Amino acid sequence: MIKEVGGAAGWLAEELADSAVWRFSLSDDDRAGLLAGSTDLPALAALSREVFTGRGFALLQGVPVDSSSDVDDLAIRIAGCVGVLVPPVVHVRDQGVDGSVSTRKSYQHSGSLGYHSDPTDVVALLCVRSAMSGGLSSVVSSVAVHDEVVRSRPELAAVLYEAWWRDRRSGDDADSFYQSPVYTVEDGKWAANYGPDYIRSAQRGAHVPALRPDQLAAMAELDRLNADPRFALTMDLQPGDMQFLNNHLTMHSRTEYQDHPDPARRRDLIRVWLDAPDLTGPPAVG
């Protein structure tokens, strides 16, 4: 029998929408220190605790992107206080690619993204410029959604613990495709990893079997719950905001966005992937 996970990471949107527990602000002295090369900031230690042993996500506000001559280095130095860098560092911006093409990456276009988790322990996003409109970021608790599926559709919860075919979008050969469960329990620790777009595009693999009806039903249920306002906490990232997400405990999405006509004002986020060798979460099952 599959058990609920619970704990602090199993939050609902209404519980945190007006809370300051996941928001961390930099002072003027902090910003000056960052520009001088320091990362000895108490806020980052507290933020790390929230990401790994708290709700699984946090927002750092006041990063001096307008005053820095090298925002990539700034993002890397801050993120390095939370985890170990996993290359590459990329800019999430519209490159004019067709998001419907299965070999394109999600960060290369301006379309909406389904709720998903990235392949590392943590993903950090530093907003350098926001879009003219749209591009809202939403976060859900994978724990809360899992527990709802266990309560209401236990037969689908079991399917999500099976191996699923996924697409690395690294080419057309067999190495681009691999199998991994959505939900796992290893050494008493629970984790989630889901990416509907990359599961669907894996169907292009010649050796990948068609998704079964119960798999399609499980995906539909996950997608429905992830988009439910009970679970989805939405934030409008502004320049200087840096979002940190524990990929084992949360999923995130983005709405479609429209850019400014002026190229110098177009949306630009720096994505930094991190691993955490000493990761103390996710929570134990039960």
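This briefing walks through the fold of one protein chain and then some of its parts. The model is a predicted one. The protein chain has eight helices and 16 strands. Of its 286 residues, 50% count as buried.

**Overall shape**

- A compact globule of 286 residues would have a radius of gyration near 19 Å, and the protein chain has 19 Å, so the two agree.
- Along the principal axes, the C-alpha atoms fill a box of roughly 55 × 40 × 35 Å.
- Take the contacts between residues at least 6 apart in sequence: 80% of them join residues at least 24 apart.

**Helix α5 and its surroundings**

- Helix α5 covers residues 142-152.
- Nine of the eleven residues of α5 are buried, so the rest of the structure largely encloses this helix.
- The buried residues of α5 are Ser142, Val143, Ala144, Val145, His146, Asp147, Glu148, Val149 and Val150.

**How α5 meets α8**

- Two packed helices are described by the angle between their axes and the distance between the axes.
- Helix α8 covers residues 213-226. It packs with α5 at an angle of about 125°, and the axes lie 10 Å apart.
- That angle makes α5 oblique to α8.
- The crossing of α5 past α8 is right-handed.
- On the α5 side, the contact is made by Val145, Glu148, Val149 and Ser152. On the α8 side, it is made by Glu221, Leu222, Leu225 and Asn226.
- By type, the residues of this contact divide into four nonpolar, two polar and two charged.
- An α-helix has 3.6 residues a turn, so residues three or four places apart point the same way.

**His146, inside α5**

- His146 sits in helix α5. With a relative accessible area of 0%, it counts as buried.
- Leaving aside neighbours within four places in sequence, His146 is in contact with Ile2, Lys3, Glu4, Val5, Tyr161, Tyr183 and Trp190.
- His146 and Ser110 are 36 residues apart in sequence, and their C-alpha atoms are 29 Å apart in space.

**Val51, in α3**

- Val51 belongs to helix α3 (residues 42-53). Its relative accessibility is 0%, so it counts as buried.
- Setting aside neighbours within four places in sequence, Val51 is in contact with Gly56, Phe57, Ala58, Val122, Phe244, Asn246 and Leu249.
- Val82 is 31 residues from Val51 in sequence, yet the C-alpha to C-alpha distance is 8.9 Å.

**Backbone details**

- The peptide bond from Pro87 to Pro88 is cis, with omega near 0°. Pro88 is part of strand β3 (residues 84-92).
- Arg169 has phi near 55°, a positive value in a residue other than glycine. It lies in the loop between β8 (163-167) and β9 (177-181). Its relative accessibility is 10%, so Arg169 counts as buried.
- Asp187 is not a glycine either, and its phi is positive, at about 55°. This residue lies in the loop between β10 and β11. At 79% relative accessibility, Asp187 counts as exposed.

- Val97 lies in the loop between β3 and β4 (113-116). Its relative accessibility of 18% is under the 20% cut-off, so Val97 counts as buried.
- His109 is twelve residues from Val97 along the chain, and their C-alpha atoms are separated by 5.6 Å.
- Asp262 lies in the loop between β15 (257-258) and β16 (268-275). At 37% relative accessibility, Asp262 counts as partly exposed.
- Asp262 and Met219 are 43 residues apart along the chain, and 39 Å separates their C-alpha atoms.

Technical notes:
Residues are numbered from 1 along each chain as its sequence is written. This is a predicted model: local features need pLDDT of at least 70, side-chain atom pairs count only at pLDDT 80 or more; totals for chains, interfaces and linings use all residues. Side-chain values use heavy atoms; hydrogens and water are left out. Axes are lines fitted to C-alpha atoms, for helices over the stretch in contact, and angles run from 0 to 180 degrees between N-to-C directions. Helices (H or I, at least four residues) and strands (E, at least two) are DSSP runs, numbered from the N terminus. Angles under 35 degrees count as roughly parallel, over 145 as roughly antiparallel, 65 to 115 as roughly perpendicular and the rest as oblique. A crossing is left-handed if the near helix is turned anticlockwise from the far one by less than a right angle, and right-handed if clockwise. Contact means heavy atoms within 4.5 Å. Ala, Val, Leu, Ile, Met, Phe, Trp, Tyr, Cys and Pro count as nonpolar, Asp, Glu, Lys and Arg as charged, and the others, Gly among them, as polar. The radius of gyration is taken over C-alpha atoms; the globule rule is 2.2 Å times the number of residues to the power 0.38. Buried means under 20% relative accessible area, exposed over 50%, partly exposed in between (1.4 Å probe, protein chains only).
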